[in-house]
Amino acid sequence: MSSSSSTSGLSHPRVRRGSRGAYRLVRTPPARVNPPRLDAAQRSVVDHGTGPLLVLAGPGTGKTTTLVESVAARIARGGDPERILVLTFSRKAAVELRDRMALRMGAARAPRATTFHSFCYALVRAHQDGDLFAEPLRLLSGPEQDVTVRELLAGQVDLERLGLAHVRWPDELRACLTTRGFADEVRAVLARSRELGLGPDALEAFARRIGRPDWRAASAFLAEYLDVLDLQGVLDYAELVHRAVLLAGRAEAAGRPAARYDAVYVDEYQDTDPAQVRLLRALAGEGRTLVAFGDPDQSIYAFRGADVGGILEFPHAFPRADGRPAPVAVLRTSRRSGAALLAATRLVTRRMPLPRLPAEKVRAHREPTPVRDGGRVEVYTYPTSGTELDNIADILRRAHLEDGVPWSDMAVLVRAGSRTLPAVRRALTSAGVPVDVDGDDLPLRHEPAVAPLLTALRAVATAAAEDPGRGAEDAEGPRGRRRRTPPGPPRTRTVPAPTTRTVPAPTTRTVPAPTTRTVPAPTTRRSRAGSTPRPPSPCSPPPSPAWTPPTCAASGGPCARRSEPRATRCRRPRTSCSHGRWPSRNG
């Protein structure tokens, strides 16, 4: 219902009237996004119909834009968004893809974009046996997996001592079972074995064939490790992908994943490992539609199991329905780098052969056409890492102060983030350069808010491990004296009778030898276990008279329960003991 009114000849716009005090939220439709202008190479990828396709795309060639437009074109041709799967390798990249596809096609029509491990977890969770697992499977983090492996290796030492170990490590490796380096090596062997699809039996057979007793022991350890994971209801990342591959390849599985999707798109294909390639073969093999984007020159995650052979073998690993190798497309226009920078990278890539891809495709991939001139490449060498960091800070400051380059237009790339980033941050910050480290690159233990806390906890834990009696001394206050408490009724525990000790004459300085006297042991402080009594200094004041404990009214002596464990001592009110009542402190 709407109405219009006028006051003093002034008209007001029509307003929507509703119930008194009610508000209605109106969804603002997103602004329409015009399709980007594509070149001929991008248009050929977007117009791809069915079957496998490998797209070689260097940095700045419009790879992500081409992927989004390809998905949009497939949906515009009548494709079902629910039957299109987009896979990538990081959560950040998956979120970016989802946002761009939702902006391009609308949130209701955007297909699913997720990471490999997220897809595998959803698949394993959907087929989890409810009778065997009462709770959902949980993924082990890297530190948790490291702790599990180290605990199992440390347990091998005890089992061998008892004669119960079934994992027979070679004699030259037994001394290394409790070291962190050996645990890291064993963990890498377990991960690479599962990525290659090797179980304990297959790994043992392979070790026997090549004569590696250490790998035979690793195969037995792998079986024990997998049993422990099953008992705990957890999975590591390598085992997660391996089980997803087994589920995706089962023809009898309900709702087979290969039948759910008409097309699968993969971003950053050069970072795949063998297990992920087998997963894609189960999802989109046998000539089905699989469009993979990647750059073999950017394969830098070999330490995580990535194998550049996956992208090099793509045409033959995913043939077309008629058996021919999959076609290869190349994005040839570089919109990010200038001509000088592309010329420098071309000199480097010439030393990196790619023999298993078509030669003309590799040449076109490594010689993109720049859209602008410019760019500069300078190489500096330094004698030490400290000198290198100082000069990096100097270059950045000069660029900002002399050339007017904003801080936000500068970046520093490092090779090993966990080892190098803290030193780079300290050097740049001390030089007055503002630093903003990507949260994905900086481990939690190196965060400025976390590192001091971990240092403090490590210091306390180390002191407690080296000095078990430290906690008792800390409770006694400064200089080893017990804090005074307000006077009150005497405590229920009985103090044992004082003992005597002989104080030897000091020998470090020439002073008259003091007479030997018997000094009662202090009763207000317990000496540290295993420590030697320290003789008092000749200059110390005479000790105060020892307090004689009152006697029990019932037995006439100290309470006999004083020497028993604390849990069995008298729990009565402080005015009584186990045999009667304490006399007052004054008699």
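Author: What follows is a set of questions about a predicted model, each answered from a computed value and the cut-off that applies to it.

Reader: Which residues of α2 and α3 meet, and how do they divide into nonpolar, polar and charged?

Author: From α2 come Thr64, Thr65, Leu67, Val68, Glu69, Val71, Ala72 and Ile75, and they meet Leu97, Arg100, Met101, Arg104 and Met105 of α3. The residues of this contact comprise eight nonpolar, two polar and three charged ones.

Reader: Why is α2 described as largely enclosed by the rest of the structure?

Author: A residue is buried when its relative accessible area is under 20%, and 12 of the 14 residues of α2 are buried, which is why the helix is described as largely enclosed. Among the buried residues are Lys63, Glu69 and Arg74, as well as Leu67, Val68 and Ile75. Their cover includes α1 (40–46), β6 (84–88), α3, β10 (263–266) and β11 (289–294).

Reader: How does the reach of α2 from its first C-alpha to its last stand against the expected value?

Author: With 14 residues, α2 reaches 20 Å between those two atoms, which is close to the 20 Å expected at 1.5 Å a residue. Just after this helix, α2, glycine 78 takes a positive phi of about 110°.

Reader: Is glutamate 195 buried or exposed, and what does it touch?

Author: Glutamate 195 has its place in helix α6 (residues 180–195). Its relative accessibility is 7%, and because buried means under 20%, glutamate 195 counts as buried. Leaving aside residues up to four places away in sequence, glutamate 195 touches Asp273, Pro274, Ala275, Arg278, Arg304 and Gly305.

Reader: How do you know whether leucine 247 is buried or exposed?

Author: Leucine 247, in helix α9 (residues 237–248), has a relative accessible area of 11%, and since the cut-off for buried is under 20%, leucine 247 is buried. Leucine 247 and histidine 127 are 120 residues apart in sequence, while their C-alpha atoms are 8.0 Å apart in space.

Technical notes:
Residues numbered from 1 in each chain as written. Predicted model: local features only at pLDDT ≥ 70, side-chain atom pairs only at ≥ 80, totals over all residues. Heavy atoms only, no water. Contact = heavy atoms within 4.5 Å. Helix = DSSP H or I, 4+ residues; strand = E, 2+ residues; numbered from the N terminus. Nonpolar A, V, L, I, M, F, W, Y, C, P; charged D, E, K, R; others polar. Expected span 1.5 Å × (residues − 1). Buried < 20%, exposed > 50% of the residue type's maximum accessible area, 1.4 Å probe, protein only.
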